[in-house]
Amino acid sequence: MLTTHRAFISGASSGIGLATAKAFAAAGARVALFARRLNILKEHAAAIGERAFALRGDVRELRSMEIAADHVKKKWGAPADIVVVNAGIVKIGEIAAISAEDWNDVIATNLTGAFNTTHAFLPGLLEGPSDLVFIASTASYDTWPTWGAYCASKWGVLGLARSVAHEVRQKGVRVTIVAPGAVDTDIWPGEKKPQPEKMLKAEDVAAAIVNAVSADRRASYDEVRVMPASGLL
Ligand SMILES: NC(=O)c1ccc[n+]([C@@H]2O[C@H](COP(=O)([O-])OP(=O)(O)OC[C@H]3O[C@@H](n4cnc5c(N)ncnc54)[C@H](OP(=O)(O)O)[C@@H]3O)[C@@H](O)[C@H]2O)c1
């Protein structure tokens with residue numbers, strides 16, 4: 001059980017982040033659901049119950065993440081001791097064709113957003129013991145045509161996460177990188193989406209995250225790759 005824990009989850013208005021918020025709350029943790037769409041967040045937080053609250057912000061802006069970290073600390077009287085760096089977007093297109101705007105948005109959300117979240121919440125996590133979970137991807141280890149911006153951002157998240165893991169390993173912060181294969185969520189551009197039966201469900205990834213943070217403190221699930229058992233990616 002996670003009854004003494006306080007979890008902040010970016011990108012919790014849908015998909016993996018929402019499933020993770022529900023799984024943490026079911027395990028007894030308090031949860032802060034963070035994303036841009038406040039109305040949806042509020043509905044989900046109300047459905048989860050009194051252990052959950054909604055927090056609006058944008059991972060692309062460091063100030064927004066600093067405000068979120070402060071807000072969480074004031075609300076709970078202590079900083080988050082679990083942070084899930086999850087918010088992300090997909091924009092596809094060959095490198096010759098993708099717009100600079102789309103490239104920048106993918107990097108700003110997935111990679112700089114991961115930095116902003118980590119940078120803002122790390123001082124609180126270092127009060128430890130604590131868990132910092134990065135949602136990377138199988139696209140952090142592989143590449144495909146038209147997925148260049150997304151792969152670059154997710155390889156970057158892997159580099160960021162491995163680096164910070166070295167920095168905080170002796171300081172009471174456990175870093176876990178969860179890298180899923182295809183998960184049936186709204187992030188997929190329709191024409192690229194595999195058949196749903198060949199995909200994971202968001203709950204499968206949430207279960208891996210809960211498992212990692214629930215492990216005895218002597219054990220660290222450094223990198224967890226969760227793949228659909230009958231899918232290709
Ligand atoms: N689905 C997959 O196959 C798969 C596989 C591997 C890894 N992943 C990763 O899993 C993570 C979650 O994706 P998902 O599949 O669950 O997709 P999703 O259902 O589309 O969820 C993405 C979440 O990120 C939030 N978000 C996007 N931009 C944001 C911003 N600028 N600031 C704050 N929140 C923002 C969205 O909320 P708002 O729009 O309300 O802000 C939403 O809650 C992503 O990092 C993705 O790369 C997904």
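This is a predicted model: local features need pLDDT of at least 70, side-chain atom pairs count only at pLDDT 80 or more; totals for chains, interfaces and linings use all residues.
## Helix H1

Residues are numbered from 1 along each chain as its sequence is written.

Helices (H or I, at least four residues) and strands (E, at least two) are DSSP runs numbered from the N terminus. H1 has 12 residues and spans 17 Å from its first C-alpha to its last, close to the 16 Å expected at 1.5 Å a residue, the expected span being 1.5 Å times one less than the number of residues. After H1 comes Gly28, which has a positive phi near 100 degrees.

## The shell around the ligand

The ligand is surrounded by 29 residues, and the closest are Gly11, Gly15, Arg36, Gly88 and Ile187; a residue counts as near if its C-beta atom, placed from the backbone, lies within 6 Å. Two or more residues of this shell come from each of helix H1 (15-26) and helix H4 (100-125), with H1 supplying the largest share, 3 residues.

Strand S1 (residues 6-10) is largely enclosed by the rest of the structure, because 5 of its 5 residues are buried. Arg6, Phe8 and Ser10 point one way from S1, whereas Ala7 and Ile9 point the other way. In a regular strand the side chains alternate between the two faces of the sheet.

S1 pairs with strand S2 (residues 30-35) in the parallel sense over 5 bridges, where pairing requires that DSSP find at least two bridges between the strands. Within S2, Val31 is the bridge partner of Ala7.

## Nonpolar cores

A nonpolar core is a set of buried Ala, Val, Leu, Ile, Met, Phe, Trp, Tyr and Cys residues joined through C-beta atoms within 7 Å. The largest has 62 residues, of which Ile9, Ala21, Val31, Leu33 and Val205 touch the most other members, and H1 gives the most to this core, with 7 residues. Apart from it lies another core of 5 residues, including Val90, Ala139, Ala149 and Tyr150.

Note on methods. A residue is buried if 20 or more other C-beta atoms lie within 10 Å of its own, exposed if 12 or fewer, and partly exposed in between; C-beta atoms are placed from the backbone.
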